[in-house]
Amino acid sequence: MASITRASVSMPSLSTSVNQSQRRISGMNSVSFPVSGRSMIPSLRLQRGLQVCCACQAKQETVDKVVAIVKKQLALPADAAVNGESKFAALGADSLDTVEIVMGLEEEFDITVEEESAQSITTVQEAADMIEKLVEK
Amino acid sequence: MLSFLRRSYLNFSFMNPQYCCLSRNFSAALPPLLPVQLPSRMETHLWYVVPDEVKSAPLLSKYMELLPQSERDHVLGFRGDQLQKSALLARTLVRTTIARYQVDGHLDPRSLRFKRNIHGKPEVEWETKDGFCPPPLQFNISHTSSLVACGVTINSLIGIDVEEKRRRTKNNILAFAKRYFTAHEVEHLNAIPDSELQQQEFIKLWTLKEAYVKALGKGFSSSPFNTFTIRASSGIAVETLDSPQNLTNNWQFALLELMGSHYVAICLERQETGGAGKTLPIKLTARKTIPFVEDELVSGTNAVVTIGGSVTQF
């Protein structure tokens, strides 16, 4: 779930683009979507303490997809509490599960993950961040 | 301190209170571990625990007490009872197993310290004392929810991997193999018409490849699975893609079927040959254990069946 500092706000003109294929994000010339999600588009800053960033919305969607793939691989119940901070190993993923999860992510996002990258992802958020980087290419 | 232990005890909801009365009284100090001689240069020791057979809540609590704070936290970081239990048993098995060898007179599993090499492979951190030369003890552990295993050698790098025979992949086997294995291995799997057998062959191949990478100890990214082929026609050997003509003779393998339910793959650094490059079989001693409760020598019984590689069981 988005924390209060990263609340997602639906902006009609932008959300349609964001909800389309992830790959389109990098093709939008008029608005920049920072990979890290920390810097913001000034016009979208609503008030101090409440940061709105469309890259965050894309990230939440990515995180949700990663969560779904992880839950499916590990046969977790749909209501299992899995979020960005969840570690694969702590959820019970062994090395075969982790490789299968990466394979699932490759298929879902149409990316290729090299072994070096695959080895370094240990949490849902790290997987989502890696996907964002690969999708941007 | 005690209150923390109580909390950690209570966190184990899998510790069914009804077993407290039926099990042995572990409120007193634990009985000593059965000491064992270090393996000789040619031997491999395999120790394993079946989590389902360890039901005593007080015993599990005692195991928890053997661990330093960091390892307890690690165990409790796993989600759910079953995962926490097998994580606890993995740490317990490593500590108690190494302690049995009474290196430098030590028999206390609590006193062992571990570190990781630069690639992340766990190693024992022996005390540096005057006149103490630590033995070149090598170990590796592997666990699933239904089996925890530890292999020990002297001097020989070792990697082990265990898996349930009936483990199913979520992905299609051939799609998975095409993505992650070598062409030869895909061909080998593709040639198996029966899907059940194909699944088992896949799991065997997976455990052998895992064991190899774990023996190398350099992390998975240094040896991606599609850069080496495991050939298991007559005997088991590894062939790296960058030197295809030379079967990498540095490593030898054993594949075991444990209790009819699990595959155990062992990869060892080859120490000696039998002259003229001939490979000597792996000398294996296998023991099933519930630390502090019972130890059972099972090598040579039908609990441990060699299904690949050259192995002599003692």
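This is a predicted model: local features need pLDDT of at least 70, side-chain atom pairs count only at pLDDT 80 or more; totals for chains, interfaces and linings use all residues.
**Chain A**

Chain A is helical: five helices and zero strands. Along the sequence its pattern reads α-α-α-α-α. The chain has 137 residues, and 45% of them count as buried.

**Salt bridges**

Over all chains, a search of the whole structure finds 18 salt bridges. Three of them are set out below.

| Pair | N to O distance | Relative accessibility of each residue |
| Arg167(B) and Asp97(A) | 3.0 Å | Arg167(B) 13%, Asp97(A) 8% |
| Glu53(B) and Lys288(B) | 2.9 Å | Glu53(B) 35%, Lys288(B) 15% |
| Lys62(B) and Glu65(B) | 4.0 Å | Lys62(B) 15%, Glu65(B) 24% |

Start with the pair of Arg167(B) and Asp97(A), whose side chains meet at 3.0 Å, N to O. Arg167(B) is buried, because its relative accessible area of 13% falls under the 20% cut-off. Asp97(A) is buried too, with a relative accessible area of 8%. The two residues also belong to a wider group. A network of salt bridges links Asp94(A), Asp97(A), Glu163(B) and Arg167(B).

The second pair stays within chain B. Glu53(B) and Lys288(B) meet through their side chains at 2.9 Å, N to O. Glu53(B) counts as partly exposed at 35% relative accessibility, whereas Lys288(B) counts as buried at 15%.

The third pair is local. Lys62(B) and Glu65(B) both lie in helix H3 of chain B, three residues apart, about one turn of the helix. Their salt bridge has an N to O distance of 4.0 Å. Lys62(B) counts as buried at 15% relative accessibility. Glu65(B) counts as partly exposed at 24%.

**A helix pair in chain B**

How do the axes of H6(B) and H7(B) cross? Helix H6 (residues 173–180) and helix H7 (residues 183–190) of chain B have axes that come within 8 Å and cross at roughly 165°. Angles over 145 degrees count as roughly antiparallel, so H6(B) is roughly antiparallel to H7(B). The crossing of H6(B) and H7(B) is right-handed. H6(B) contributes Ile173(B), Leu174(B), Ala177(B) and Lys178(B) to the contact. H7(B) contributes Val186(B), Leu189(B) and Asn190(B). By type, the residues of this contact divide into five nonpolar, one polar and one charged.

**Two serines in loops**

Is Ser233(B) buried or exposed? Ser233(B) is exposed, with a relative accessible area of 73%. Its loop runs between strand E7 (228–231) and strand E8 (237–240) of chain B. Ser233(B) and His188(B) are 45 residues apart in sequence, and their C-alpha atoms are 9.9 Å apart in space.

Ser223(B) is buried, with a relative accessible area of 8%. Ser223(B) lies in the loop between helix H8 (195–216) and E7 of chain B. Leaving out residues up to four places away in sequence, Ser223(B) touches Val213(B), Leu216(B) and Phe228(B).

**Positive phi**

Most residues other than glycine have a negative phi. Two residues here call for a check of the backbone.

Asp110(A) has a positive phi of about 55°, although it is not a glycine. Asp110(A) is in the loop between H3 and helix H4 (115–120) of chain A. At 53% relative accessibility, Asp110(A) counts as exposed, because the cut-off is over 50%.

Gln102(B) also has a positive phi, near 45°. Gln102(B) lies in the loop between helix H5 (81–100) and strand E2 (114–116) of chain B. Gln102(B) is partly exposed, with a relative accessible area of 34%.

How values were computed:
Residues are numbered from 1 along each chain as its sequence is written. Chains are lettered from A and ligands numbered from 1 in the order in which they are written. Side-chain values use heavy atoms; hydrogens and water are left out. Axes are lines fitted to C-alpha atoms, for helices over the stretch in contact, and angles run from 0 to 180 degrees between N-to-C directions. Helices (H or I, at least four residues) and strands (E, at least two) are DSSP runs, numbered from the N terminus. Angles under 35 degrees count as roughly parallel, over 145 as roughly antiparallel, 65 to 115 as roughly perpendicular and the rest as oblique. A crossing is left-handed if the near helix is turned anticlockwise from the far one by less than a right angle, and right-handed if clockwise. Contact means heavy atoms within 4.5 Å. Ala, Val, Leu, Ile, Met, Phe, Trp, Tyr, Cys and Pro count as nonpolar, Asp, Glu, Lys and Arg as charged, and the others, Gly among them, as polar. Buried means under 20% relative accessible area, exposed over 50%, partly exposed in between (1.4 Å probe, protein chains only).
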